Amino acid sequence: FLSEWREFAERYGWDGEDQMFVSSPRYNDDHVLLLARLRQNAGAEIKDPAITQREQVANRRHVMKLHEVRAGSKRYSKMFSLPKIQKRNKTLDHLMWIRNAPKLRIARVLGILRVSILRVEDELIDVHRLEAKGDIFHLGLEEVDEALRNESFDLIDLVRPRKAIYERAAKSKECPLLVDSRCRILRPDPPAQEGIEAGTFLGTPVSPGTATGRVRILKSPTDRFEQGEVLAATVTSPAWTPLFVGASAVVLRIGGALQHGALCAREFGKPAVSNIDIHNVLETGMMVTVDGNNGTVKIVDES
């Protein structure tokens, strides 16, 4: 295990959560991050993601074959002719899997850049020009360069107000969809509830299936999350992907069928509903049933 661990760290230590942000921790920064990911993928109740992936590929190829059969029946226009459908299917099979390759290359460069930035940050902390680790990420590269040239350049004076704004924003429970010129948050009308029983909330179905579990409202992919719980978040990003393996279902505050959380839910075969006001209608610990076919979340037990 240790030898494979070291090999992984050497090859992928530049990776981590939200790897497109140079400020986000990498596995080489803190190995606990990687251990947490392993924990989410361990246990007898966890279905091997490789098996899920093979099943999804088989289902996709089955549908692709049906499209070819229909195209061959000559009932469709030239837009959906058999040669065009076959070309599309070949592209999906042989090219679409590399769609993340450019992102991974960029993430690796950012990981290397992060190492240099942290080295400069340590130097600035040692001479009391920065107050804490992470402060350097409230500065632009030009400002850091100026500080290295000019010892009288006050970095702390720049960082403190920016850091205060960041920390205040991080505590917010709402992600505004629309803000007007007066800085008022505009909200859409709630979905019609006619015919919906009390304790059931109507959202947007983004991944089919039905599952029941206890809610865990998360603000970060590093928050505690147990296998079998319903992952509830405002929105997710690639850093959240390992959590989907052990989740029974997914409930999201915003986003449509093409957002990251919806795509991941479908890839892992998890029911998912979006456009649910999770911070006001749900609480961590509630038992709910998520119906990804009809777009509903029903509270089964509030305790």
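## The chain at a glance

Of the 303 residues in the protein chain, 35% are buried, where buried means under 20% relative accessible area, exposed over 50%, and partly exposed in between, with a 1.4 Å probe and protein chains only. This is a predicted model, in which local features need pLDDT of at least 70 and side-chain atom pairs count only at pLDDT 80 or more, while totals for chains, interfaces and linings use all residues. Residues are numbered from 1 along each chain as its sequence is written, and side-chain values use heavy atoms, with hydrogens and water left out.

The protein chain has 10 helices and 10 strands. Both kinds of element are DSSP runs numbered from the N terminus, with helices being H or I over at least four residues and strands being E over at least two. The C-alpha trace spans about 75 × 50 × 45 Å along its principal axes. Among contacts between residues at least 6 apart in sequence, 50% join residues at least 24 apart; a contact here means heavy atoms within 4.5 Å.

## The eight-stranded sheet

Let's turn to the sheet. Eight strands form an open sheet with mixed pairing, in the order β3-β10-β9-β5-β6-β7-β8-β4. Its edge strands, each pairing on one side only, are β3 (200-202) and β4 (204-207). From one strand to the next, the twist averages 30°. Two strands count as paired if DSSP finds at least two bridges between them. As background, strands of a sheet pair through backbone hydrogen bonds, either parallel or antiparallel.

## Strand β9 and its partners

Why is strand β9 (residues 287-291) described as largely enclosed by the rest of the structure? It is because four of its five residues are buried. On one pairing, β9 runs antiparallel to strand β5 (residues 210-217), joined by five bridges, with M287 in β9 as the bridge partner of R214.

β9 is also joined to β10 by five bridges, again antiparallel, and here T289 stands opposite K298 in β10. The two strands form a hairpin with four residues between them, and G295 in the turn has a positive phi of about 75°.

The largest pocket holds about 1800 Å³ of space. Of its 36 lining residues, R99, N100, T241, E267 and F268 are the closest to its centre. A pocket, found on a 1 Å grid over the protein atoms alone with a 1.4 Å probe, is an open set of points with protein on both sides within 12 Å along at least five of seven lines, and lining residues have an atom within 4 Å of a point. Grid points are joined across faces, edges and corners, and a volume is the space filled by probe spheres set on the points. At least two lining residues come from each of α1 (2-12), α3 (49-72), α4 (82-94), α5 (101-126), α8 (241-246) and α9 (260-268), with α3 supplying the largest share, eight residues. By class, this lining has 17 nonpolar, nine polar and 10 charged residues. Ala, Val, Leu, Ile, Met, Phe, Trp, Tyr, Cys and Pro count as nonpolar, Asp, Glu, Lys and Arg as charged, and the others, Gly among them, as polar.

The second largest pocket has a volume of about 1000 Å³. It is lined by 31 residues, of which D18, Y166, A170, K219 and S220 are the closest to its centre. Helix α7 (residues 155-170) gives the most to this lining, with five residues. The lining divides into 12 nonpolar, 10 polar and nine charged residues.

## Two residues to look up

D135 sits in the loop between α5 and α6 (141-149). Is D135 buried or exposed? D135 counts as buried because its relative accessibility is 2%. Beyond its neighbours within four places in sequence, D135 is in contact with E121, L130, V159 and K163.

I185 belongs to strand β2 (residues 185-186) and is partly exposed, with a relative accessible area of 33%. Leaving aside neighbours within four places in sequence, I185 is in contact with E174, P176, L178 and V179. I185 and E174 are 11 residues apart in sequence and, C-alpha to C-alpha, 9.9 Å apart in space.

Definitions and conventions. Axes are lines fitted to C-alpha atoms, for helices over the stretch in contact, and angles run from 0 to 180 degrees between N-to-C directions.
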